[in-house]
Amino acid sequence: MRDLCAALIQLGSGADPVPSLARAAELTREALAHGAELVVLPENFWAVAPPGLDRRPWAVDLSALGPGGDLRGDPPPVLRPFLSLSHEYPAAVIILGGLPELPPTGGDGKFYNTLVAVFAGRVVAVYRKIHRFDATLPDGSRASESDIILAGETPHVLAAPFGKIGLSICYDLRFPELYRALSAAGAEILVVPSAFTLLTGIDHWEPLLRARAIENQAYVLAPAQYGPHGHGRHSFGHSLAVDPWGAVIAQVSRGEGLALTWLRADLLQRVRSDLPALTHRRLHGVTPAEVVTLSADETLA
């Protein structure tokens with residue numbers, strides 16, 4: 001990894017993709033104009049879809065990708081403004097944190113929630129969200145992402161000119177084994193584009209992000225959706241950048257906006273050299289724990 005300027009984009013995307021995409025592109029352009037080499041947008045940057053929204057007109061068919069990452073024909077609307085910006089700023093990587101992707105076959109009306117990275121006007125990486133958010137929230141409301149989203153299967157690391165980026169989306173954050181796999185593949189920067197709910201974000205967002213940074217000795221960039229979206233959903237916001245020691249080095253305030261932060265290679269190297277925890281690992285995901293069961297009438301000395 002080398003030093004670079006990175007940007008987090010915080011959005012309050014609505015139900016209408018047209019103004020949501022325009023605002024996302026506007027903030028992306030601003031970040032690029034300020035010198036960001038890595039720009040990360042949140043999950044659902046294109047729209048926070050209300051129940052019943054037909055995603056098909058906005059879903060992308062990535063099976064049409066050429067071998068070099070070029071799309072055949074006209075780019076889909078959800079990608080078009082960012083591919084255009086990528087042509088204007090060909091040295092920057094733009095990470096689109098989660099959009100609907102048509103499955104190659106069938107899908108029974110479901111879609112992948114897919115992260116797309118663009119560079120030099122081309123699609124250079126695709127990651128399909130592995131873990132789907134099915135939960136009952138503290139207020140009793142129910143989230144069931146698996147009703148409309150297919151699960152991805154494969155972790156991905158993007159080897160960019162400035163460093164290796166481990167890819168993830170939102171609810172993936174709760175599964176440290178994914179980030180260990182990304183770290184083992186050489187990731188130095190972990191991106192977590194998100195739309196964390198208000199009720200879970202209050203208590204869990206920052207501790208989880210700092211934990212992923214500390215245990216993997218990596219930078220964590222976590223752009224987020226913010227505020228009410230107009231149909232009962234409210235996102236926590238608080239987009240964060242965390243350094244490999246676990247310190248918060250940038251945060252977006254309330255509302256839409258962006259934060260620029262400097263990622264220093266010397267800090268990453270020093271943390272990994274002074275406390276080489278990654279080289280001390282002995283359990284590599286294949287050693288089962290032994291379970292010792294005490295009977296109810298057993299007496300311990």
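Residues are called buried under 20% relative accessible area, exposed over 50%, and partly exposed in between, with a 1.4 Å probe and protein chains only. The structure is a predicted model, in which local features need pLDDT of at least 70 and side-chain atom pairs count only at pLDDT 80 or more, while totals for chains, interfaces and linings use all residues. Numbering starts from 1 along each chain as its sequence is written, and side-chain values use heavy atoms, with hydrogens and water left out.

The protein chain holds 5 helices and 17 strands. These are DSSP runs numbered from the N terminus: helices are H or I with at least four residues, strands are E with at least two. The C-alpha trace spans about 75 × 45 × 40 Å along its principal axes. Buried residues account for 51% of the 301 residues. The accessible surface is about 13,900 Å², and carbon and sulfur atoms contribute 54% of that surface. Areas come from the Shrake-Rupley method with a 1.4 Å probe; for residues, only the protein chains shown count as cover. Contacts require heavy atoms within 4.5 Å. Among contacts between residues at least 6 apart in sequence, 69% join residues at least 24 apart.

Helix α2 covers residues 80–88, and its buried residues are Phe82, Leu83, Leu85 and Ser86. Seen down the axis of α2, these residues fall within an arc of 160 degrees, so they line one face of the helix. The arc is that of the directions from the helix axis to the C-beta atoms. Their cover includes α1 (17–33), β3 (93–101), β4 (111–119) and β5 (122–128).

Ile202 belongs to helix α4, residues 198–216. Ile202 is exposed, because its relative accessible area is 51%. Leu198, Leu199 and Ile202 form a nonpolar surface patch with about 230 Å² of accessible area together. Patch residues have over 30% relative accessible area and no salt bridge; like charges are joined within 9 Å, nonpolar side chains (Val, Leu, Ile, Met, Phe, Trp, Tyr) within 5 Å. A salt bridge is a side-chain nitrogen of Lys or Arg within 4 Å of a carboxyl oxygen of Asp or Glu.

Phe236 lies in strand β14, residues 234–236. Phe236 counts as buried, at 11% relative accessibility. Leaving aside residues up to four places away in sequence, Phe236 touches Phe196, Thr197, Leu198, Gly201, Ile202, Trp205, Gln225 and Tyr226.
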